[in-house]
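Let me put the thing on the screen and then walk you through it.

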Amino acid sequence: GGRRVLVADDNPVNRILTTELLSMAGLCCVEASSGREAVDALEANEGAPIALVLMDVHMPDMDGMQATRAIRAQARFAGLPILAMTASVLQQEQEQCLLAGMNAHLSKPVDPPALFQALAHWLDTPRPEANA
């Protein structure tokens with residue numbers, strides 16, 4: 001509870017639904033409507049550190065894969081879990097997400113039990129200090 005999760009999605013309805021689910025789990029949300037906003041939010045690091053990123057893959061300005069590469073280029077974010085969120089179920093896109101530096105893939109529309117399972121796994125897994 002109380003941990004911060006960055007929700008990056010250009011669709012406001014998806015952001016609202018996702019942040020409501022995260023709030024039900026006791027998490028605090030930071031929202032971004034593009035990959036560029038997601039990178040900026042992480043770099044600003046206002047308040048408590050962000051513990052996990054839910055990253056839409058297809059966004060304007062900077063897509064989720066470009067944003068993930070920019071985040072992974074900074075050593076301080078090496079251990080930050082980034083989970084792809086996309087409507088695509090193509091194996092090739094899932095592999096591209098992992099190659100870009102994302103840790104896992106969640107399908108949209110969001111399945112609450114799958115989301116909560118992923119959150120439990122990635123927020124409870126010990127990892128190198130992120131956002132230090």
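This is a predicted model: local features need pLDDT of at least 70, side-chain atom pairs count only at pLDDT 80 or more; totals for chains, interfaces and linings use all residues.

Residues are numbered from 1 along each chain as its sequence is written, and side-chain values use heavy atoms, with hydrogens and water left out.

Helices here are DSSP runs of H or I with at least four residues, strands are E runs of at least two, and both are numbered from the N terminus. The buried residues in α4 are Glu93, Cys97 and Ala100; buried is under 20% relative accessible area, exposed is over 50%, and partly exposed is in between, with a 1.4 Å probe and protein chains only. Looking down the axis of α4, the buried residues fall within an arc of 70°, so they line one face of the helix. That arc is taken from the directions from the helix axis to the C-beta atoms. Turned away from that side, you find the exposed Gln92 and Leu99. And just after α4, Gly101 has a positive phi of about 115°.

Now the cores. A nonpolar core is a set of buried Ala, Val, Leu, Ile, Met, Phe, Trp, Tyr and Cys residues joined through side-chain atoms within 4.5 Å. The largest one has 23 residues, and Leu6, Leu42, Val53, Met55, Ile71 and Met102 have the most contacts inside it. At least two residues each come from β1, β2 (28-32), α2 (35-44), β3 (50-56), α3 (64-72), β4 (82-86) and α4 (91-100). There's a second, separate core of 17 residues, with Leu22, Leu106, Leu119 and Leu123 among them.

Next, Asp9, in the loop between β1 (4-8) and α1 (12-24). Buried or exposed? Asp9 counts as buried, because its relative accessibility is 4%. Its side chain reaches the backbone nitrogen of Asn11 at 2.8 Å. Beyond four places in sequence, Asp9 touches Asn14, Arg15, Ala32, Ser33, Asp56, Met59 and Lys108, where contact means heavy atoms within 4.5 Å.

Last one: Gly35, in helix α2. Gly35 is buried too, at 0% relative accessibility. Setting aside neighbours within four places, Gly35 is in contact with Met59, Pro60, Met62, Asp63 and Ala67.

Methods
A polar contact is a pair of N or O atoms within 3.5 Å; within protein, one must be able to donate a hydrogen and the other to accept it, and residues adjacent in sequence count only if both atoms are side-chain atoms.
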